[in-house]
Amino acid sequence: MSHSTKAHDSARVPSLPEPSPVYAATGLDVWTMMNQAAAEVGAVNLGQGFMSFPPKEFITRAAQKALEENAHNQYAPPRGRPALLEQVAARFGLRLGRPIDTASEISIHAGANEALLSVFTAFLTHGQGEEVIVMEPAFDQYAPNIAMAGGTTVYVPLRAQAPADAVMSSNDWKLDMAELEAAVTPKTRIIVLNTPHNPVGKVFTRPELEQIGAVAERHNLLIIADEVYEHLTFAREHLSIASLPRMWDRTVTVGSAGKLLGVTGWRVGWAVGPHALIQPTLAAHTRIVFTTNTPLQEGVAAAMREASANGFYETQRSEYQHRRDRLMAIFDDVGLPYVVPDGAYYLLVNAAAVRMPEDYPFPAAIADRGPNFRLAYYFVREFGVSGIPPAEFYCEPHRALAGDYVRFAFCKTDEGLDAAAAALQKLKNYLQN
Ligand code: PMP
C-alpha cells in the first residue's frame, strides 16, 4: 500500500465524536441490571417499583376518552392543562391547608422526575459550586439531576436507631438534626425532603418537619418536598412540610400522577408552591420539555375527578396495606427482619443472616459493585426473587450504611407475592443461626 493511499484511508475514517464522560460509561443502571438478572432466571420481580397489576378501569378509560377527543392532540400550555391544574389545586389545597391558585402556583411536569429537574435547574447556577442536601438512602435520580443543573449533592444519612437483627419501625430511622445543620455551608441552596420515604418507608413526624424547616429558615434554604407517595400511608398520616407555619414560602411540593393512580408510564407529575418558586420552575420546564403530553394530562384530570368521588384512594390505600402486610408476613415466615414501612411501597429486609459462599460465581459487573449488590444478586439467582440493593441509594463513602438490606417493592399482585412466598421457602435452608 502506497503512502498516499494510507493517508487517504485515514482521512476517510474520522475519529468519532466523544460523549461527555458522565454518559460515556457503559455500566448498567441498577434497575436494568436487576431487571435483566430477574428475567434471566424467571425470578419474581419485586425490584423496580412499577405496578404488576393494571390500573383500575375508570383510569384507563379516562385516558382513552381523552385521546378520542380531537381537542387533546396538540401542545398543552407549558404550565399544564386547565382541567389538571384544577384537580391538583383541589387535592393540594386540602393537603396544604390553603387555596392554590391554578394560574400561578402549580406547574405540570413529565413525571415527578422532570418536576425535580426543573426545580434544580431553576434554583442552581452552574459554576457557583452550589450545594443541595439530600437524605440517604436517597432516590437515585436526585444526584444526577442536581449535577445536570450545575449543583453538588451533599449527603446526610438517616440513621437506624434500633438493632438491625429484629423487626424495627421505619420511624426508628432518624435524621440527626445537628448533622443536618453541620452539612449546611454558605453554598447550600436546597434541602430535598422525601416523605413518605423511598426506600425506608418513613413518614416524617411533625416535630421532625419543624426541625428541618427551622434549619431551612435559619440558612434561607429552598425545600423541595418530594411527596410522590403522599397517598400511601399505613400507620401515621402524611404531613406536608409546606402546610407548617411559614414553610409555604420556601417549599416546592412535588407529586406524581404515576404513583397516585398507578400509571407510572404515563409520565405526568406536578410542582406546587408560591408564584415566586413556581415561575422559575415553569421557565426551566418550558426549556427542558416545553410541555407535558396533552391527552394523558386530560386523562389524569378526569381520573382524579372520578377518584375523589368513587372512594378510589381509600380502596387503593387498603389494597396496599394488604400487600405490605402480606410481604411482611412472608419475611416473618422465612425468618428475616425488616423495617416496617409507614408509607410508600417498599420493604427493606435485613438479610445479614443469609449464608453466601465466598466463592459464589458473581458476574464481574455485580462483584465490582460491592457486597450489597452481591447480596441482591444472590437473592435473584438462588431464591428467584429480585430486589434492589439499597447501596445504590448511598454515595460511595456511605455505601456501608446499606448494610445487609435488600429493598423489595410490594406494588405487586397477590399472585406475584404468593410466588415470592413459595420461592423464598428455599431461603430457610440458607440461614445461619
Ligand atoms: N421521587 C421518588 C422518591 C420516587 O420513588 C419516584 C419514582 N420511583 C419519583 C420521585 C419519580 O416519580 P415519577 O415516576 O412521577 O417521575
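Here are a few questions and answers about this predicted model.

The model is predicted, so local features need pLDDT of at least 70 and side-chain atom pairs count only at pLDDT 80 or more, while totals for chains, interfaces and linings use all residues. Residues are numbered from 1 along each chain as its sequence is written, and side-chain values use heavy atoms, leaving out hydrogens and water.

Q: Why is the contact of Arg 317 and Glu 237 called a salt bridge?
A: The term asks for a side-chain nitrogen of Lys or Arg within 4 Å of a carboxyl oxygen of Asp or Glu. Here the N to O distance is 3.5 Å, so the pair qualifies.

Q: What makes E3 and E4 a pair of strands?
A: Strands are DSSP runs of E with at least two residues, numbered from the N terminus, and two of them pair if DSSP finds at least two bridges between them. Strand E3 (residues 131-136) and strand E4 (residues 152-160) are joined by 6 bridges and run parallel, so they count as paired.

Q: Why are E2 and E6 called edge strands?
A: The open sheet has 8 strands in the order E2-E10-E9-E8-E7-E3-E4-E6. Strand E2 (106-109) and strand E6 (173-175) each pair on one side only.

Q: How do you know that domain 1 and domain 2 touch?
A: Contact means heavy atoms within 4.5 Å. By that rule, 33 residues of domain 1 are in contact with 43 residues of domain 2. The bounds, from an automatic or database domain assignment, are 7-54 + 313-430 for domain 1 and 57-310 for domain 2.

Notes
Helices (H or I, at least four residues) and strands (E, at least two) are DSSP runs, numbered from the N terminus.
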